[in-house]
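Here is a short note for a colleague who is opening this structure for the first time. Please read the points in order, with the model in view.

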Amino acid sequence: MLDVKAGDAQSFELLLQRYRTPLVNFLCRMVRDRAQAEDLAQDVFLRVYRARKDYVPSAKFTTWLFRIATNVALNAVRDGRYRQMEISIDQPVIVDAEDGDERFLDPVDQHPDIEQHLVEEARRAMIRRAIDKLPEKQRVAVLLHKYQGLDYNEIGKILKCSESALKSLLFRAYEVLRVELAPLVAQPHGQVQKGSVQ
Amino acid sequence: MNCARMDKRLIPYLDGRLSDRKRRGVEAHLAACAACWLRADEFRAVAGLLGELPQIEPSGAFDARVRTRVAAEPQGQGWWAWLMPSPRVALAATLLTILVVWVGSRPTDKDTYPHGTPATATVQSQDDDFQMIKDLPVLEDYDVLANFEPLSSLPQQPEQPAAESPQM
(Lines give C-alpha, C1' and ligand atoms only; values in the text may rest on other atoms or scores of the structure.)
Protein backbone atom coordinates (compact mmCIF):
# COMPACT_ATOMS: atom_id res chain seq x y z
CA MET A 1 0.00 0.00 0.00
CA LEU A 2 2.93 2.30 0.65
CA ASP A 3 3.98 1.79 -2.97
CA VAL A 4 0.45 2.68 -4.06
CA LYS A 5 0.70 5.79 -1.92
CA ALA A 6 3.93 6.66 -3.69
CA GLY A 7 2.05 6.52 -6.98
CA ASP A 8 3.00 3.04 -8.16
CA ALA A 9 0.09 1.92 -10.34
CA GLN A 10 1.42 -1.63 -10.56
CA SER A 11 1.15 -2.01 -6.78
CA PHE A 12 -2.52 -1.05 -6.92
CA GLU A 13 -2.99 -3.80 -9.49
CA LEU A 14 -1.39 -6.26 -7.06
CA LEU A 15 -3.77 -5.14 -4.30
CA LEU A 16 -6.69 -5.61 -6.68
CA GLN A 17 -5.60 -9.13 -7.57
CA ARG A 18 -4.95 -10.11 -3.99
CA TYR A 19 -8.08 -8.77 -2.34
CA ARG A 20 -10.76 -8.87 -5.06
CA THR A 21 -12.01 -12.34 -4.17
CA PRO A 22 -12.05 -11.93 -0.35
CA LEU A 23 -13.79 -8.57 -0.71
CA VAL A 24 -16.48 -9.78 -3.11
CA ASN A 25 -17.13 -12.82 -0.91
CA PHE A 26 -17.40 -10.74 2.23
CA LEU A 27 -19.70 -8.20 0.62
CA CYS A 28 -21.80 -10.86 -1.08
CA ARG A 29 -22.40 -12.54 2.27
CA MET A 30 -23.33 -9.18 3.75
CA VAL A 31 -25.77 -7.97 1.07
CA ARG A 32 -26.75 -11.38 -0.40
CA ASP A 33 -26.57 -10.15 -3.94
CA ARG A 34 -23.58 -10.91 -6.10
CA ALA A 35 -24.01 -8.08 -8.60
CA GLN A 36 -24.45 -5.52 -5.83
CA ALA A 37 -21.52 -7.03 -3.94
CA GLU A 38 -19.31 -6.46 -6.99
CA ASP A 39 -20.52 -2.86 -7.23
CA LEU A 40 -19.72 -2.33 -3.57
CA ALA A 41 -16.31 -3.99 -3.93
CA GLN A 42 -15.53 -1.55 -6.75
CA ASP A 43 -16.54 1.29 -4.41
CA VAL A 44 -14.16 -0.07 -1.78
CA PHE A 45 -11.23 -0.23 -4.22
CA LEU A 46 -12.05 3.28 -5.40
CA ARG A 47 -12.07 4.57 -1.81
CA VAL A 48 -8.72 2.88 -1.21
CA TYR A 49 -7.35 4.58 -4.31
CA ARG A 50 -8.72 7.98 -3.32
CA ALA A 51 -7.41 7.67 0.24
CA ARG A 52 -3.97 6.39 -0.77
CA LYS A 53 -2.31 9.76 -0.10
CA ASP A 54 -3.63 9.85 3.46
CA TYR A 55 -2.87 6.21 4.25
CA VAL A 56 -0.89 5.86 7.46
CA PRO A 57 0.41 2.37 8.14
CA SER A 58 -0.66 2.42 11.79
CA ALA A 59 -2.54 -0.85 11.35
CA LYS A 60 -2.48 -3.78 8.97
CA PHE A 61 -3.67 -3.02 5.48
CA THR A 62 -6.31 -5.77 5.75
CA THR A 63 -7.72 -4.08 8.85
CA TRP A 64 -8.01 -0.77 6.99
CA LEU A 65 -9.45 -2.44 3.90
CA PHE A 66 -12.09 -4.44 5.73
CA ARG A 67 -13.01 -1.46 7.88
CA ILE A 68 -13.86 0.39 4.68
CA ALA A 69 -15.65 -2.68 3.34
CA THR A 70 -17.62 -3.10 6.56
CA ASN A 71 -18.75 0.54 6.50
CA VAL A 72 -19.77 0.24 2.86
CA ALA A 73 -21.64 -3.00 3.50
CA LEU A 74 -23.45 -1.77 6.62
CA ASN A 75 -24.47 1.45 4.87
CA ALA A 76 -25.83 -0.57 1.98
CA VAL A 77 -27.74 -2.92 4.27
CA ARG A 78 -29.13 -0.07 6.35
CA ASP A 79 -30.10 1.95 3.29
CA GLY A 80 -32.11 -1.04 2.19
CA ARG A 81 -31.03 -0.35 -1.33
CA TYR A 82 -29.99 -3.90 -1.82
CA ARG A 83 -32.79 -6.34 -1.76
CA GLN A 84 -32.06 -9.47 0.16
CA MET A 85 -32.19 -12.32 -2.26
CA GLU A 86 -34.42 -15.01 -0.88
CA ILE A 87 -33.69 -18.49 -2.08
CA SER A 88 -36.80 -20.57 -2.09
CA ILE A 89 -36.53 -24.27 -1.56
CA ASP A 90 -39.53 -24.57 -3.89
CA GLN A 91 -37.47 -22.99 -6.64
CA PRO A 92 -34.19 -24.82 -6.37
CA VAL A 93 -30.99 -23.39 -7.69
CA ILE A 94 -27.71 -24.98 -8.46
CA VAL A 95 -24.57 -23.39 -7.19
CA ASP A 96 -21.59 -24.01 -9.35
CA ALA A 97 -18.70 -24.42 -6.94
CA GLU A 98 -16.27 -23.47 -9.68
CA ASP A 99 -17.40 -19.89 -10.11
CA GLY A 100 -20.07 -19.48 -7.45
CA ASP A 101 -22.69 -18.54 -10.02
CA GLU A 102 -26.20 -19.30 -8.93
CA ARG A 103 -28.72 -20.22 -11.61
CA PHE A 104 -32.15 -21.72 -11.65
CA LEU A 105 -32.34 -25.41 -12.22
CA ASP A 106 -33.27 -26.28 -15.74
CA PRO A 107 -35.08 -29.59 -16.39
CA VAL A 108 -32.44 -30.53 -18.94
CA ASP A 109 -29.85 -30.32 -16.17
CA GLN A 110 -31.53 -33.08 -14.27
CA HIS A 111 -29.31 -36.06 -13.78
CA PRO A 112 -29.06 -38.96 -11.38
CA ASP A 113 -27.37 -36.77 -8.73
CA ILE A 114 -30.07 -34.14 -8.78
CA GLU A 115 -31.50 -35.26 -5.47
CA GLN A 116 -28.09 -34.91 -3.86
CA HIS A 117 -27.71 -31.44 -5.38
CA LEU A 118 -31.07 -30.40 -4.02
CA VAL A 119 -30.21 -31.63 -0.57
CA GLU A 120 -26.88 -29.80 -0.62
CA GLU A 121 -28.47 -26.63 -1.88
CA ALA A 122 -31.14 -26.79 0.79
CA ARG A 123 -28.37 -27.06 3.39
CA ARG A 124 -26.53 -24.07 1.95
CA ALA A 125 -29.72 -22.03 1.81
CA MET A 126 -30.33 -22.82 5.45
CA ILE A 127 -26.79 -21.81 6.38
CA ARG A 128 -27.14 -18.54 4.45
CA ARG A 129 -30.42 -17.77 6.18
CA ALA A 130 -28.86 -18.49 9.55
CA ILE A 131 -26.04 -16.03 8.81
CA ASP A 132 -28.62 -13.48 7.62
CA LYS A 133 -30.44 -13.74 10.93
CA LEU A 134 -27.39 -12.62 12.88
CA PRO A 135 -27.39 -9.01 14.06
CA GLU A 136 -25.16 -6.85 11.84
CA LYS A 137 -22.19 -6.69 14.18
CA GLN A 138 -22.26 -10.41 14.92
CA ARG A 139 -22.52 -11.15 11.20
CA VAL A 140 -19.49 -9.01 10.40
CA ALA A 141 -17.55 -10.67 13.22
CA VAL A 142 -18.37 -14.18 12.02
CA LEU A 143 -17.61 -13.42 8.37
CA LEU A 144 -14.27 -11.79 9.16
CA HIS A 145 -13.35 -14.51 11.64
CA LYS A 146 -14.50 -17.55 9.72
CA TYR A 147 -13.98 -16.60 6.07
CA GLN A 148 -11.27 -13.95 6.13
CA GLY A 149 -9.21 -15.44 8.93
CA LEU A 150 -8.58 -12.10 10.62
CA ASP A 151 -7.35 -12.23 14.19
CA TYR A 152 -9.30 -10.90 17.16
CA ASN A 153 -7.28 -7.70 17.34
CA GLU A 154 -7.96 -6.83 13.70
CA ILE A 155 -11.67 -7.59 13.90
CA GLY A 156 -11.89 -5.62 17.14
CA LYS A 157 -10.38 -2.59 15.41
CA ILE A 158 -12.77 -2.93 12.48
CA LEU A 159 -15.79 -3.17 14.77
CA LYS A 160 -14.36 -0.67 17.25
CA CYS A 161 -14.58 -2.97 20.22
CA SER A 162 -12.09 -4.62 22.56
CA GLU A 163 -10.75 -8.11 22.00
CA SER A 164 -12.63 -9.26 25.05
CA ALA A 165 -15.90 -7.81 23.74
CA LEU A 166 -15.24 -9.40 20.36
CA LYS A 167 -14.82 -12.85 21.90
CA SER A 168 -18.17 -12.45 23.64
CA LEU A 169 -19.69 -11.21 20.38
CA LEU A 170 -18.47 -14.28 18.52
CA PHE A 171 -19.70 -16.53 21.32
CA ARG A 172 -23.19 -15.02 21.09
CA ALA A 173 -23.14 -15.30 17.30
CA TYR A 174 -22.27 -18.98 17.47
CA GLU A 175 -25.05 -19.47 20.00
CA VAL A 176 -27.53 -17.98 17.50
CA LEU A 177 -26.14 -20.12 14.69
CA ARG A 178 -26.27 -23.21 16.89
CA VAL A 179 -29.99 -22.66 17.41
CA GLU A 180 -30.72 -21.73 13.79
CA LEU A 181 -28.77 -24.65 12.42
CA ALA A 182 -29.90 -27.15 15.04
CA PRO A 183 -31.40 -29.56 12.48
CA LEU A 184 -28.09 -29.67 10.58
CA VAL A 185 -25.98 -29.73 13.70
CA ALA A 186 -27.94 -32.73 14.96
CA GLN A 187 -27.58 -34.50 11.62
CA PRO A 188 -24.16 -33.55 10.35
CA HIS A 189 -23.57 -33.87 6.66
CA GLY A 190 -20.63 -36.18 6.09
CA GLN A 191 -17.62 -35.52 8.25
CA VAL A 192 -17.96 -32.40 10.38
CA GLN A 193 -14.60 -30.77 10.89
CA LYS A 194 -13.22 -31.14 14.34
CA GLY A 195 -11.00 -28.52 15.85
CA SER A 196 -10.84 -24.83 15.06
CA VAL A 197 -14.02 -22.88 14.40
CA GLN A 198 -12.05 -20.52 12.17
CA MET B 1 -13.38 -21.78 35.74
CA ASN B 2 -17.14 -21.58 35.49
CA CYS B 3 -19.74 -21.43 32.70
CA ALA B 4 -19.96 -17.61 32.80
CA ARG B 5 -16.30 -17.25 31.88
CA MET B 6 -16.64 -19.57 28.90
CA ASP B 7 -18.18 -16.81 26.76
CA LYS B 8 -14.76 -15.21 26.38
CA ARG B 9 -12.72 -18.39 26.30
CA LEU B 10 -14.62 -20.97 24.28
CA ILE B 11 -14.04 -19.44 20.82
CA PRO B 12 -10.30 -18.82 21.44
CA TYR B 13 -10.08 -22.36 22.85
CA LEU B 14 -11.65 -23.84 19.71
CA ASP B 15 -9.33 -21.65 17.60
CA GLY B 16 -6.33 -22.95 19.55
CA ARG B 17 -5.38 -19.47 20.67
CA LEU B 18 -5.38 -19.87 24.43
CA SER B 19 -2.29 -20.03 26.55
CA ASP B 20 -1.51 -23.45 28.01
CA ARG B 21 -2.72 -22.43 31.43
CA LYS B 22 -6.07 -21.13 30.16
CA ARG B 23 -6.49 -24.08 27.81
CA ARG B 24 -6.05 -26.52 30.69
CA GLY B 25 -8.62 -24.53 32.68
CA VAL B 26 -11.16 -24.72 29.84
CA GLU B 27 -10.55 -28.42 29.31
CA ALA B 28 -11.02 -29.10 33.01
CA HIS B 29 -14.33 -27.23 32.89
CA LEU B 30 -15.51 -29.03 29.74
CA ALA B 31 -14.74 -32.36 31.36
CA ALA B 32 -16.90 -31.43 34.33
CA CYS B 33 -19.76 -29.53 32.59
CA ALA B 34 -21.92 -31.48 30.14
CA ALA B 35 -23.72 -28.31 28.88
CA CYS B 36 -20.47 -26.55 27.97
CA TRP B 37 -19.07 -29.74 26.48
CA LEU B 38 -22.15 -30.03 24.23
CA ARG B 39 -21.91 -26.34 23.35
CA ALA B 40 -18.27 -26.69 22.34
CA ASP B 41 -19.09 -29.72 20.22
CA GLU B 42 -21.94 -27.92 18.49
CA PHE B 43 -19.83 -24.80 17.91
CA ARG B 44 -17.39 -27.02 16.03
CA ALA B 45 -20.26 -28.43 14.00
CA VAL B 46 -21.51 -24.91 13.20
CA ALA B 47 -18.03 -23.93 12.04
CA GLY B 48 -18.02 -26.96 9.77
CA LEU B 49 -21.39 -25.98 8.32
CA LEU B 50 -20.19 -22.43 7.64
CA GLY B 51 -17.30 -23.95 5.74
CA GLU B 52 -19.71 -25.60 3.32
CA LEU B 53 -20.57 -22.34 1.60
CA PRO B 54 -18.68 -22.13 -1.69
CA GLN B 55 -16.29 -19.31 -2.42
CA ILE B 56 -17.43 -16.85 -5.04
CA GLU B 57 -15.10 -15.58 -7.73
CA PRO B 58 -15.65 -12.05 -9.07
CA SER B 59 -16.95 -11.89 -12.62
CA GLY B 60 -14.52 -11.51 -15.51
CA ALA B 61 -15.44 -7.86 -15.97
CA PHE B 62 -14.77 -6.92 -12.36
CA ASP B 63 -11.11 -5.95 -12.76
CA ALA B 64 -11.81 -3.97 -15.91
CA ARG B 65 -14.57 -2.01 -14.17
CA VAL B 66 -12.31 -1.15 -11.24
CA ARG B 67 -9.53 -0.05 -13.60
CA THR B 68 -11.95 2.08 -15.60
CA ARG B 69 -13.26 3.81 -12.49
CA VAL B 70 -9.76 4.37 -11.14
CA ALA B 71 -8.61 5.77 -14.49
CA ALA B 72 -11.54 8.20 -14.43
CA GLU B 73 -10.39 9.61 -11.10
CA PRO B 74 -8.82 13.07 -11.25
CA GLN B 75 -5.11 12.80 -10.74
CA GLY B 76 -4.95 15.95 -8.59
CA GLN B 77 -1.55 16.99 -9.98
CA GLY B 78 -2.50 20.10 -11.93
CA TRP B 79 -0.55 23.34 -11.61
CA TRP B 80 -2.81 24.48 -8.77
CA ALA B 81 -2.23 21.22 -6.89
CA TRP B 82 1.49 21.63 -7.45
CA LEU B 83 1.38 25.24 -6.29
CA MET B 84 -0.72 24.47 -3.27
CA PRO B 85 0.46 21.31 -1.57
CA SER B 86 -1.78 21.91 1.39
CA PRO B 87 -5.34 23.26 1.69
CA ARG B 88 -4.23 25.29 4.72
CA VAL B 89 -1.51 26.99 2.72
CA ALA B 90 -4.04 27.67 -0.04
CA LEU B 91 -6.48 29.22 2.44
CA ALA B 92 -3.78 31.36 4.06
CA ALA B 93 -2.56 32.56 0.66
CA THR B 94 -6.10 33.41 -0.42
CA LEU B 95 -6.76 35.42 2.75
CA LEU B 96 -3.46 37.24 2.38
CA THR B 97 -4.28 38.12 -1.23
CA ILE B 98 -7.71 39.45 -0.23
CA LEU B 99 -6.11 41.54 2.53
CA VAL B 100 -3.51 43.02 0.18
CA VAL B 101 -6.14 43.85 -2.46
CA TRP B 102 -8.41 45.44 0.16
CA VAL B 103 -5.64 47.55 1.64
CA GLY B 104 -4.49 48.58 -1.83
CA SER B 105 -7.98 49.57 -2.94
CA ARG B 106 -8.64 51.88 0.05
CA PRO B 107 -8.85 55.61 -0.95
CA THR B 108 -5.85 57.74 0.04
CA ASP B 109 -6.15 60.85 2.34
CA LYS B 110 -5.53 63.11 -0.62
CA ASP B 111 -8.49 61.59 -2.52
CA THR B 112 -10.94 61.83 0.36
CA TYR B 113 -9.89 65.16 1.98
CA PRO B 114 -8.57 67.40 -0.73
CA HIS B 115 -8.58 70.41 1.65
CA GLY B 116 -6.93 68.73 4.55
CA THR B 117 -6.70 65.48 6.29
CA PRO B 118 -9.13 64.43 9.03
CA ALA B 119 -6.39 65.19 11.53
CA THR B 120 -6.13 68.81 10.36
CA ALA B 121 -9.91 69.23 10.45
CA THR B 122 -9.99 67.94 13.98
CA VAL B 123 -7.40 70.48 15.14
CA GLN B 124 -9.35 73.31 13.44
CA SER B 125 -12.56 72.24 15.11
CA GLN B 126 -10.86 72.19 18.53
CA ASP B 127 -9.60 75.79 18.02
CA ASP B 128 -13.13 77.02 17.16
CA ASP B 129 -14.54 75.34 20.24
CA PHE B 130 -11.88 76.94 22.43
CA GLN B 131 -12.55 80.41 21.00
CA MET B 132 -16.29 80.03 21.59
CA ILE B 133 -15.80 78.98 25.20
CA LYS B 134 -13.43 81.90 25.78
CA ASP B 135 -16.04 84.41 24.43
CA LEU B 136 -18.95 82.75 26.15
CA PRO B 137 -19.47 85.46 28.91
CA VAL B 138 -19.54 88.23 26.30
CA LEU B 139 -22.02 86.29 24.19
CA GLU B 140 -24.22 85.66 27.21
CA ASP B 141 -24.16 89.43 28.09
CA TYR B 142 -25.10 90.29 24.52
CA ASP B 143 -27.94 87.79 24.64
CA VAL B 144 -29.31 89.30 27.91
CA LEU B 145 -29.09 92.89 26.59
CA ALA B 146 -30.67 91.99 23.27
CA ASN B 147 -33.72 90.52 25.02
CA PHE B 148 -33.98 93.16 27.77
CA GLU B 149 -37.53 94.59 27.39
CA PRO B 150 -37.01 98.15 28.80
CA LEU B 151 -34.27 98.66 26.24
CA SER B 152 -36.50 97.54 23.44
CA SER B 153 -38.98 100.37 24.17
CA LEU B 154 -36.27 103.03 23.62
CA PRO B 155 -36.18 104.76 20.22
CA GLN B 156 -33.77 103.19 17.84
CA GLN B 157 -30.78 105.37 16.98
CA PRO B 158 -29.68 105.39 13.42
CA GLU B 159 -26.51 103.49 12.86
CA GLN B 160 -23.44 105.68 12.68
CA PRO B 161 -21.27 105.22 9.65
CA ALA B 162 -18.24 103.20 10.53
CA ALA B 163 -15.98 106.08 9.61
CA GLU B 164 -17.63 108.39 12.15
CA SER B 165 -17.50 106.05 15.06
CA PRO B 166 -15.07 107.11 17.69
CA GLN B 167 -11.85 105.29 17.66
CA MET B 168 -10.95 103.39 20.73
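1. Start with D63(B). This residue is buried, with a relative accessible area of 9%. Buried means under 20% relative accessible area, exposed over 50%, and partly exposed in between (1.4 Å probe, protein chains only). The partner of D63(B) is R67(B), and their side chains meet in a salt bridge (3.9 Å, N to O). The term stands for a side-chain nitrogen of Lys or Arg within 4 Å of a carboxyl oxygen of Asp or Glu. R67(B) counts as partly exposed, at 39% relative accessibility. Both residues lie in helix α4 (residues 62-71) of chain B, 4 residues apart, about one turn of the helix. Salt bridges that share partners join D63(B) and R67(B) with E13(A) and R20(A) into one network.

2. A word on the basis. This is a predicted model, in which local features need pLDDT of at least 70 and side-chain atom pairs count only at pLDDT 80 or more, while totals for chains, interfaces and linings use all residues. Residues are numbered from 1 along each chain as its sequence is written, chains are lettered from A and ligands numbered from 1 in the order in which they are written, and side-chain values use heavy atoms, with hydrogens and water left out.

3. Next, helix α2 of chain B. R23(B) forms a salt bridge with D20(B), the closest N and O atoms being 3.5 Å apart. The side chain of R23(B) also meets that of E27(B) in a salt bridge (3.3 Å, N to O). D20(B) and R23(B) are 3 residues apart in this helix (residues 20-32). R23(B) and E27(B) are 4 residues apart, about one turn of the helix. What is the relative accessibility of R23(B)? The value is 30%, so R23(B) counts as partly exposed. D20(B) is partly exposed too, at 47%, and E27(B) has 32%.

4. Now the interface. The area buried between chain B and chain A is about 4,800 Å², and carbon and sulfur atoms give 60% of it. Buried area is the accessible area (1.4 Å probe) that two parts lose on being put together, summed over both. L50(B), L53(B) and I56(B) supply 14% of what chain B buries against chain A, more than any other three residues. The contact (heavy atoms within 4.5 Å) takes 58 residues from chain A and 39 residues from chain B. The rule finds 7 salt bridges across this interface. E38(A) forms a salt bridge with R65(B), with the closest N and O atoms 3.7 Å apart. Over all chains the count comes to 19.

5. Look at the core. The largest nonpolar core has 79 residues. Such a core is a set of buried Ala, Val, Leu, Ile, Met, Phe, Trp, Tyr and Cys residues joined through side-chain atoms within 4.5 Å. Its largest share, 11 residues, comes from helix α2 (residues 9-31) of chain A. Among the residues with the most contacts inside the core are F26(A), F66(A) and L50(B). Leaving aside neighbours within four places in sequence, F66(A) is in contact with residues including P22(A), L23(A), F26(A) and I158(A).

6. Last, chain A as a whole. Chain A has 9 helices and 2 strands. Helices (H or I, at least four residues) and strands (E, at least two) are DSSP runs, numbered from the N terminus. Of the 198 residues of chain A, 49% count as buried.
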